[in-house]
Amino acid sequence: PPGFVESSCRSRIFWMKLNKLLLHGKFFKLEINDPYAGPILLDEKLASRCGYVLSEDVWGNPVFRASVLGCHVINEADELFSLTVNIKVSSFSSMRAAVTYTYPMYCSYSSWASREIVCEENYMEVSVKTDVPAVSNDYTVAWMSALPETQNVAYQLWQLMFVSPSGRKRITVSDAAKLGYSFNNTLSRVYLRAPYHSNESDVSMVSGVNMNMVTSTSMYRQRWLLLLIDTTVSCPVDGISFTDTTLTWTVPSVIPTLVVQESTFLTKNILMGVDDQVIVNPEEKNYLLEHNKTHIGITIPIGAEGGKLKSSISGGVYGVIYSIDLFLEHTWTDADWQTTKYTVIKSITTPFMPQIPTVINNTLPEERLFSVAFGHFLPDVSLVAITIGNVPFTLREAQHHGFKIYETPFSNRTKGFILEVSFDDPYVLKEYVNRNETKYILLINYTISVDPEMTLYYHSAEVECVIADIELPEAVGYCDEENLYLAIPTFGLHQYWNLYLGNKLLNRHVALANGYLAATNSTHLILQIPLFAAGVVYEEVSFQKIKARFDVALRKVRTMETLQMFSVSCSFNSSSFIICHPDGTVMISAQMKTIPAIDMSKTKLRDSSCKPREYNEGHAFFKFHVTTCGTSVRVEGDHIIYENEISYEKETLPGQSIPTITRDPDYRLTVLCYYRAKETLVLGAFANDPSASPPFGSGMMVPRPNIAVSRRIRQTLNVVSRVSKDQSFVEFYEPNVAILKRPVEPVFLEVELKDESPDAELYLENCWVTRSLDLNGTPRWNITMDG
């Protein structure tokens, strides 16, 4: 078929290349068509002995090379050479129903050097120009059929002498053929072809390069004539080195076994080539050909023209391999051989070079679009699947879902894959961060395939983008005569942030427990907080007036970070109230309507010295601490109850006659303050979590019936605390004296409950120090926590 076969003759070598595209999915074999013996199937053993090479070039095309001195080559006066090859192609591995293509090749070569050496991939060949008798006939007819036409010339007996580290060995030509050697003569030349690493060979290092050498002498004896011909051959077996960017092939300039008189050695010409083409100006292709007295070096950049970069997967890692087919032709002269032409053909492949793919984030925040480039890859790589999050997609499924995937060219003949995904895609992870930002996270797992083996490689990547696309809510506060109100937008509640009352999550349960009413509409949550509900802070309390504030914190769901404080503050007019502060302060505005009216200035608490701070005709305003004014305390369930009473002692009214008129009975108004036992500040010595806003107690005023009742026994707690100078608790610091302590130094604190009641018990939970007399003063330093 047209384009199936290409051939050339380069430096006395037949060069044939088959087009792999026309062999795709098929099997082929080569036969050497001998004009006398007919077709001979080419196998590995025959190839090395007869001067054939069957391999592939870096592009995967089958390549066949043959020496013009090879078996079955028709030789015309050592100038014209021809070889016919049968190419058998079949769709079956058994080669049945094969189609045979006969392809003749021709080579004209007359410029023979005195000695020519060829170092092929599987054999070494040396030919020497001389006039000698023909070869003897003591071998089989089968081997005879593989020799050139010169077998018909008269002959005598040839022998070969091999010199190796194991000693000397002299054998006949036929015996040498059994060992894999090929020896023969043409009209004007004698040649020896030897396999690498035979028993008769030796390996020695020349200028840092290992050389495989066969030292031999060809001998012909006829009566008084003894003909000795040096057929020594030596070829490099290594000399390849690599860096991350280049490969270098080194061959010795002077090979001592081939040049006896080194002082007469002179290089005449050095050529390099790629495949079967001579490179006239290597620098134009970025090749470097250099030589000195000891070395000839060819340096090729990895990926240079003429070679091939191929993707590969090794141990789950993506990388590349670079291959190139080179040849070197070195011509020199010396006193022994006049001219030697030395040709080396070398197929070079680099080791596996890992190339970790890169993920380039070209995301467009303003378009809310992830744009991710994945590369750089050679053309033999295909993207076959992709996983977003944990969901796998084929490329068709991904395109159908709405992902955009397409190839893009990169520099140096590489390519990449572009993936575009919207921020709002359901498979994109979203995380609320900072105050008003969202972090969008795209988790990708690429699956690529490397041709032609279709090996799969997986690469994961994570791409993030943070944009400010969240608006923090703003609350609106207002009041009526008895309540405070907060209207808070519902957007983001429980998703990004929560409402907190102190350190408690403000949910429906807490709202109901504290007496709040919560209602929602399409946009807002509306909280109704009664004036005397728990959590209300009383900023200013005076006679018939209260300035109250209610605070709610907006905190992030995950980190509990406070972002906003929502507050509503109002002033209220109230004729009657009782406020129980967390520090034990009680404020009462009592309304007393009696007929006739009483003198409010004469009202008092249980301790008669505790008089009203303010009063008018119908109201009295008291402010006192639960540890004073005769306040009693008792525990009921999980509450501590403080009780006092406002009283007005009966008085005698003047009359006009002897009988006296009295206001009877006495006036009594019982005042109660309820505190939760675990949250109460008792005498300022017991505190709840200092980070939480202290809860207020709830209070109530209970008018006594207008009958004479016995007074309750006065109950007050008498607690004394002092600081000891050491752990012996013998010497104590004087009150109101500054005590200097380092942060890690212990403080020895003694707290004593001086109470005769057998039911009274003292529990010490949290103790702290602050600079002010205010129990809520800051800064504060903990002494003990949780008892």
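Select strand E40 (residues 483-489) and strand E44 (residues 524-530): seven bridges join them, and they run antiparallel. Strands here are DSSP runs (E, at least two residues), numbered from the N terminus. Two strands pair if DSSP finds at least two bridges between them. This is a predicted model, where local features need pLDDT of at least 70, side-chain atom pairs count only at pLDDT 80 or more, and totals for chains, interfaces and linings use all residues. Residues are numbered from 1 along each chain as its sequence is written, and side-chain values use heavy atoms, with hydrogens and water left out.

Now pick tyrosine 485. Opposite it, in E44, stands glutamine 528.

Next stop: another sheet. Select E30, E31, E35 and E34, which in that order form an open sheet of four strands with antiparallel pairing. At the edges are E30 (358-361) and E34 (404-409); each has a single partner strand, so one side of each lacks a neighbour in the sheet. Here the twist averages 25 degrees from one strand to the next.

Finish at E30. Four bridges join E30 to strand E31 (residues 369-377), and the two run antiparallel. Select threonine 358: its bridge partner in E31 is glycine 375.

How values were computed
Axes fitted to C-alpha atoms, helices over the stretch in contact; angles between N-to-C directions.
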